[in-house]
Amino acid sequence: MKFKTRLVITFLTIILLPLVLASTAFLCIGAYLSREQEEYGIRTQDYNILIDPTQASKSISDEIFFEVKEILDNHPADLEDMGVLARINERIDGKSSYILVRKQNSLYYAGNELAASQIFDKLPDFEEENIEKELGQSVYYDDMKKMVRQMDFHFTDGSEGSFFVITRANSILSKMLFVDMAISIMIILIITSLFLTQWISKSVFDPINQLNIAMQNIAEGNLEYMLPDKEDGEIGELYRNYEDMRLRLKESTDEKIFAEKQNKELVSNISHDLKTPITAIKGYVEGIMDGVADTPEKIDKYIRTIYNKANDMDRLINELTVYSGIDSNRIPYHFHRINVSEYFGDCIEEVGLDLESRNIELDYSSLVPPDTMIIADPEQLKRVINNIIGNSVKYMDKKKGIIDIRILDEIDSIRVEIEDNGKGIAAKDLPKIFERFYRTDASRNSAQGGSGIGLSIVKKIIEDHGGYIWATSKEGEGTCMHFVIRKYQEAQ
């Protein structure tokens with residue numbers, strides 16, 4: 001739930017809840033006080049009497065007096081009918097009121113005989129001038145808390161008569177109502193405050209405390225602590241942002257740990273791979289120094305071996321230099337427009353001599369038009385070809401090795417395939433061969449050696465050229481490397 005919605009609910013709760021509870025309290029307290037104030041059989045159902053007894057009494061008696069005045073004017077005999085008087089009394093029954101009719105000095109009719117017996121002797125006397133008054137006169141009896149409205153008239157036999165509307169007007173009732181309502185309102189406000197405090201605490205402060213605990217776990221390095229799912233709204237969005245941050249931090253930390261592990265592995269691998277040719281060089285140099293190479297042929301063999309081992313060391317160091325550039329995205333590129341046929345023809349001629357000396361047959365075919373151009377860095381693309389061919393030579397296990405290089409036309413791109421008949425790559429290793437430091441032979445004691453970063457360099461260079469690379473292989477039959485580079489097209 002959004003904070004804006006929470007604020008609206010809070011606002012409505014502050015207004016409506018006290019209003020509903022206050023109305024309920026007023027009705028309950030009014031009913032209770034009315035029952036407690038029941039005396040002489042008078043019941044209160046009109047709550048106006050609790051608020052303004054004097055005004056309520058006048059309103060009740062006015063209505064009755066108008067009716068009585070009309071009866072006196074049109075059918076005066078009806079006022080002597082007990083049934084008519086009873087019906088008039090029923091209209092104000094339940095409003096802390098009743099009617100009383102006096103004939104001469106005796107009680108003719110009383111809507112509440114018990115109450116009438118206590119006030120009858122105190123009622124005002126008959127006055128002739130009151131007959132002319134439409135609504136009679138009012139008298140308040142403070143000791144009895146009674147409001148009396150009097151209308152004088154003559155019975156049909158000429159006897160003096162007085163019609164009274166007597167209303168209980170207890171001011172103490174109003175004071176009690178005020179005090180009780182004040183206490184009720186205080187209780188209502190406390191209840192409303194507790195309700196809102198509890199609701200806000202549960203919906204706002206509790207989630208914030210959970211988030212605080214989660215951030216403490218992050219500060220302590222615990223990236224596994226997860227927050228529970230929350231509903232939509234600012235709190236839910238905050239939780240999702242935390243979870244995104246946690247996952248990113250965890251991913252970054254895992255990558256850092258993995259990179260450190262790779263760097264340690266690289267140092268170990270390079271140390272081993274450098275140690276092997278250095279040991280060989282030292283051995284052959286000692287052989288020359290000790291006179292073991294005592295013929296020109298042996299000396300020439302020892303020197304050539306030392307030269308080859310130095311080249312191996314130089315290759316490893318170059319790979320390290322290139323890897324450092326890859327790791328920091330600082331490989332120097334010098335892109336040019338290159339004619340595919342001419343460029344690959346020169347490369348084949350260069351590597352062919354070396355492969356021939358190793359008894360490896362090199363086949364080359366180009367199926368692209370002679371004028372096909374690409375945008376590439378000649379030196380880095382040559383590194384790609386040399387690394388792939390170097391791997392083919394390294395893992396060649398046949399007496400007669402064959403490397404086949406094909407340049408294929410794919411409309412907007414060219415595809416280069418370099419296939420060998422070596423020992424191949426296992427299916428489980430094939431998806432991983434372009435990862436840094438990955439070697440299909442985990443042992444450093446193999447004759448091939450290698451740092452495990454050659455193909456990761458190849459992949460990086462091809463991708464920086466806007467292309468992509470993959471491999472297919474069958475164990476025991478050979479491996480084929482495929483990479484694709486887009487053609488250069490003149491702007492129309």
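**Entry 1: the end of α11**

I began just after helix α11, where G466 takes a positive phi of about 80°. I note at the outset that this is a predicted model. Helix α11 covers residues 454–464. I listed its buried residues as G454, L455, S456, I457, V458, I461 and I462.

I then looked at H465, which is found in the loop between α11 and β11. Is H465 buried or exposed? Its relative accessible area is 10%, and buried means under 20%, so I put H465 down as buried. Which residues does H465 touch, leaving aside neighbours within four places in sequence? I found contacts with Y333, F335, I375, A376, D377 and Q380.

**Entry 2: the five-stranded sheet**

Next I traced the sheet that contains β11. Five strands form this open sheet, and I read their order as β7-β9-β10-β12-β11, with mixed pairing. β7 (360–366) and β11 (468–474) stand at the edges; each has a single partner strand, so one side of each is left without a neighbour in the sheet. Direction ignored, neighbouring strands are turned by 15° against each other on average.

I checked one pairing in detail. β7 runs parallel to strand β9 (residues 401–410), and seven bridges link the two. Within this pair I noted L362, whose bridge partner in β9 is I403.

Helix α10, residues 378–394, lies across β7, β9, β10 (413–420), β11 and β12 (478–486). Against β12 the helix runs at about 170°.

Helix α10 also packs with helix α9 (residues 340–357). I recorded an angle of about 35° for this pair, with the axes 11 Å apart. The crossing of α9 past α10 is right-handed. Which residues make the contact? From α9 I listed Y343, F344, C347, E350, V351 and L355. From α10 I listed P378, L381, K382, I385, N386, I389 and V393. Sorted by type, the residues of this contact are ten nonpolar, one polar and two charged.

I moved to strand β1, residues 97–103. How many of its seven residues are buried? I found six, which leaves the strand mostly covered.

β1 pairs with strand β5 (residues 160–168) in the antiparallel sense, through seven bridges. In this pairing Y98 stands opposite I166 of β5. β1 is also antiparallel to strand β2 (residues 106–110), to which four bridges join it. There I noted R102 with L107 of β2 as its bridge partner. β1 and β2 form a hairpin with two residues between the strands. In this hairpin Q104 takes a positive phi near 60°.

**Entry 3: confidence**

Last, I looked up how the predictor scored the chain. The average pLDDT is 79, and 80% of the residues score at least 70.

Key:
Residues numbered from 1 in each chain as written. Predicted model: local features only at pLDDT ≥ 70, side-chain atom pairs only at ≥ 80, totals over all residues. Heavy atoms only, no water. Pairing = 2+ DSSP bridges. Axes fitted to C-alpha atoms, helices over the stretch in contact; angles between N-to-C directions. Contact = heavy atoms within 4.5 Å. Left-handed = near helix turned anticlockwise from the far one by under 90°. Nonpolar A, V, L, I, M, F, W, Y, C, P; charged D, E, K, R; others polar. Buried < 20%, exposed > 50% of the residue type's maximum accessible area, 1.4 Å probe, protein only. pLDDT = per-residue confidence, 0-100.
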